[in-house]
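Please read the points below with the sequence and the model side by side. They are meant for someone who has not seen this structure before.

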Amino acid sequence: MLKFLARADWVLKGPIFEARAMDAQGWEMRFRVRPIPGSDRVQIVGLDLGVPDLDDDVLQANAARCRVYFAVKEDSYLPTVVSLLRQSVGADRRAELDGLKRFVNVRVKNGNPIGAHMYSGRVLGANGENAGQMHGNDQIAMDYIYGRLLHETPDALKRLDDVTTDATVRHAVVSKLHDLMQAVYWTRAELLRAAASNDLDFELPEEVRKGRDPFGGVLPQA
């Protein structure tokens, strides 16, 4: 748990987590338009997908930091951390943590960030992989992470060729890492809240518990 907390403090920093408020619903997309001469209509000339335009180095660093939360064999695999937290509290508190369990389980499963809320790519032919389907941003993000950022998996690289634009790929990576960071944030908050209420069957060091905001986040230095 101490390792999870230390990693959470580290990963919940920087442009990806700060790109969207915790209470925001989705990402703000904006069309760029220009007037059509001689008419009262406009022409769409571009689309801003609402996520920060981050380079590969930033995406790679954040993906590497986040991998410990979605890779099954890692000791901070998020569903396992939540399971251990629920096992460490009494029955009443465990029932209250059912919501956290559901929140995490719709974001991480079987070693992958999950839950597509955007689809992109070309509909594949009858003989292609996943024929008749488009790629969700969870699939796109994992393909980018394992096809370009952390590894060069051939199948992932092949699927990336079907994605429409580089901007779509970056939107997928940023949005899915942000989803995962939100789950890390609330797991950290519930762990520290349980510690503050003496609901855990073990003690967290005082130096870990102090200096936190009401949701368990690290207070800014004066």
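1. Helices here are DSSP runs of H or I with at least four residues, strands are runs of E with at least two, and both are numbered from the N terminus.

2. This is a predicted model, in which local features need pLDDT of at least 70 and side-chain atom pairs count only at pLDDT 80 or more, while totals for chains, interfaces and linings use all residues. Residues are numbered from 1 along each chain as its sequence is written, and side-chain values use heavy atoms, with hydrogens and water left out.

3. Leaving aside neighbours within four places in sequence, Leu59 is in contact with Ile16, Leu54, Tyr144, Leu149, Arg170, Val173, Val174 and Leu177.

4. The axes of helix 3 (residues 78-87) and helix 8 (residues 166-196), which are lines fitted to C-alpha atoms over the stretch in contact, with angles running from 0 to 180 degrees between N-to-C directions, come within 11 Å and cross at roughly 15°. The two helices are therefore roughly parallel to each other (an angle under 35 degrees). Helix 3 contributes Leu78, Val81, Val82 and Leu85 to the contact, and helix 8 contributes Leu180, Ala183, Val184, Thr187, Glu190 and Leu191.

5. Asp179, in helix 8, counts as buried because its relative accessibility is 9%. Not counting residues up to four places away in sequence, Asp179 touches Arg20, Arg107 and His117.

6. Two backbone positions deserve a look, given that most residues other than glycine have a negative phi. Asn110, in the loop between strand 3 (108-109) and strand 4 (112-113), has a positive phi of about 50°, and at 61% relative accessibility Asn110 counts as exposed (over 50%). Asn198, in the loop between helix 8 and helix 9, has a positive phi near 60° and, at 56% relative accessibility, counts as exposed.

Conventions. Angles under 35 degrees count as roughly parallel, over 145 as roughly antiparallel, 65 to 115 as roughly perpendicular and the rest as oblique. Contact means heavy atoms within 4.5 Å. Buried means under 20% relative accessible area, exposed over 50%, partly exposed in between (1.4 Å probe, protein chains only).
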